[in-house]
Amino acid sequence: QAGTCPKAQDALQDAVFFRLGLGDDEKALADAKLYEKNYAKKYPRETSQVIYSLASIYERQSDWQKVAEHYQSYLKKYGRQALPNEELRANVQIGVALWKQNKKPEAEKYFKAATKIWTSGAPAKIEKLAGGDAEKAAKWLAEGSQATAQALWYLSEYQFAEFAKIKFPELKGGADLKKVNEWAQGPFVKWIEAKGKALQAAEVAYGKVRELKAPMWDIAAAERVGVMYRTFVDEFRDAPVPDEIKKDPELMDIYLGSLDEKSQPWVVKATGAFDFCMTLATQVRWFNEFSQQCEQELNRLDPRKYPLAAELRGAPNYVQQKVAEPVAAQIGRTDEEE
């Protein structure tokens, strides 16, 4: 039971957060329900924060349907009382939950809604709501910018999918020198142009993530850009060779030479993206599945220059739920490093 005095209110609110921390989900839900019953009308913002926190139960369980349902209900009931960073993250988490359920078309609108909240003045609103409390403002801004970076990364994934759809144009049927040259100057060149255009569009989208200075998603964006360039290279190198060309050494040299020459610029760009990924991960001491992928990709592209690290690291698939300290990550090298 709980009364309506401030002390009782604070105690019940603390109980919800305490039980969530302990993983005592049933009692946390019960306390939250009681808090909502007693204080929703008098303290709507505080109630919204209590209800908002309950999503961690379903996120911890990876119950993506309940994650989406909880945040959708939260936004419907408490969207007006929510802090900008909470409203923003709620939209992102709905998008992620739908994405995890392979409902990517439905997820897109929530990622877009999140980025719109941020660009429509969320930072200024957060500063105002913090009421001069610098620590509180910094925390809320960090949560908001990190969630926005995550939304931008997922939106970039739609561009990545468009890039992946453009398939290599195979040279089919009987082949002679004339036909190989026609293919190289026609379908092959058009494929390079279309693929390159799609890659650039996706790279621009991933580049927006970097503006938020959220290390985890900045590293993830760099990894995906590198993967696109590396995929481009693989499609060149793994291109099927028609039997007629295999039988003719001259045609074989022309065919493979054309592929190799056109692929070299993409090898350089892939290496640059993966190298940036690893440099940033090392600078901010943030190692996860994306940085590990960058390390492996660099080793694959140039084993001598980029040997795999010998030291042991913690499992890269763990993501700490606590928001990182709200400081800008320094990107680039110092004079000494140069």
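**View 1. Helices α12 and α15 pack at an angle of about 30 degrees, with their axes 9 Å apart.** That angle makes α12 roughly parallel to α15, since angles under 35 degrees count as roughly parallel, over 145 as roughly antiparallel, 65 to 115 as roughly perpendicular and the rest as oblique. Helix α12 covers residues 215–237 and helix α15 covers residues 289–301; helices (H or I, at least four residues) and strands (E, at least two) are DSSP runs, numbered from the N terminus. Axes are lines fitted to C-alpha atoms, for helices over the stretch in contact, and angles run from 0 to 180 degrees between N-to-C directions. The crossing of these two helices, α12 and α15, is left-handed, a word used if the near helix is turned anticlockwise from the far one by less than a right angle, with right-handed used if clockwise. The model shown here is predicted, so local features need pLDDT of at least 70 and side-chain atom pairs count only at pLDDT 80 or more, while totals for chains, interfaces and linings use all residues. Residues are numbered from 1 along each chain as its sequence is written, and side-chain values use heavy atoms, with hydrogens and water left out.

**View 2. Residues of α12 meet residues of α15.** On the α12 side the residues are Ile-219, Ala-220, Glu-223, Val-227, Arg-230 and Asp-234, and they meet Phe-290, Ser-291, Gln-293, Cys-294, Glu-297, Arg-300 and Leu-301 of α15, where contact means heavy atoms within 4.5 Å. By class, the contact of α12 with α15 has 6 nonpolar, 2 polar and 5 charged residues; Ala, Val, Leu, Ile, Met, Phe, Trp, Tyr, Cys and Pro count as nonpolar, Asp, Glu, Lys and Arg as charged, and the others, Gly among them, as polar.

**View 3. Helices α6 (residues 84–100) and α7 (residues 104–119) cross at roughly 165 degrees.** Their axes come within 8 Å, and α6 and α7 are therefore roughly antiparallel to each other. As α6 passes α7, the crossing is left-handed. The contact includes Leu-88, Val-92 and Trp-99 of α6, together with Tyr-110, Phe-111 and Trp-118 of α7, and its residues divide into 14 nonpolar, 2 polar and 3 charged.

**View 4. The largest nonpolar core has 94 residues.** A nonpolar core is a set of buried Ala, Val, Leu, Ile, Met, Phe, Trp, Tyr and Cys residues joined through side-chain atoms within 4.5 Å, and buried means under 20% relative accessible area, exposed over 50%, partly exposed in between (1.4 Å probe, protein chains only). The residues with the most contacts inside this core are Phe-111, Trp-153, Trp-217 and Tyr-255, and its largest share, 13 residues, comes from helix α12. Leaving aside neighbours within four places in sequence, Phe-111 is in contact with residues including Val-92, Trp-99, Tyr-154 and Tyr-158. A second, separate core of 5 residues includes Leu-83, Ile-126, Ala-130 and Trp-140.

**View 5. Arg-237 lies in helix α12, and Leu-308 in the segment after α15.** The C-alpha atoms of Arg-237 and Ser-263, 26 residues apart along the chain, are separated by 7.9 Å. Leu-308 is partly exposed, with a relative accessible area of 48%, and, leaving out residues up to four places away in sequence, Leu-308 touches Glu-295, Gln-296 and Asn-299.
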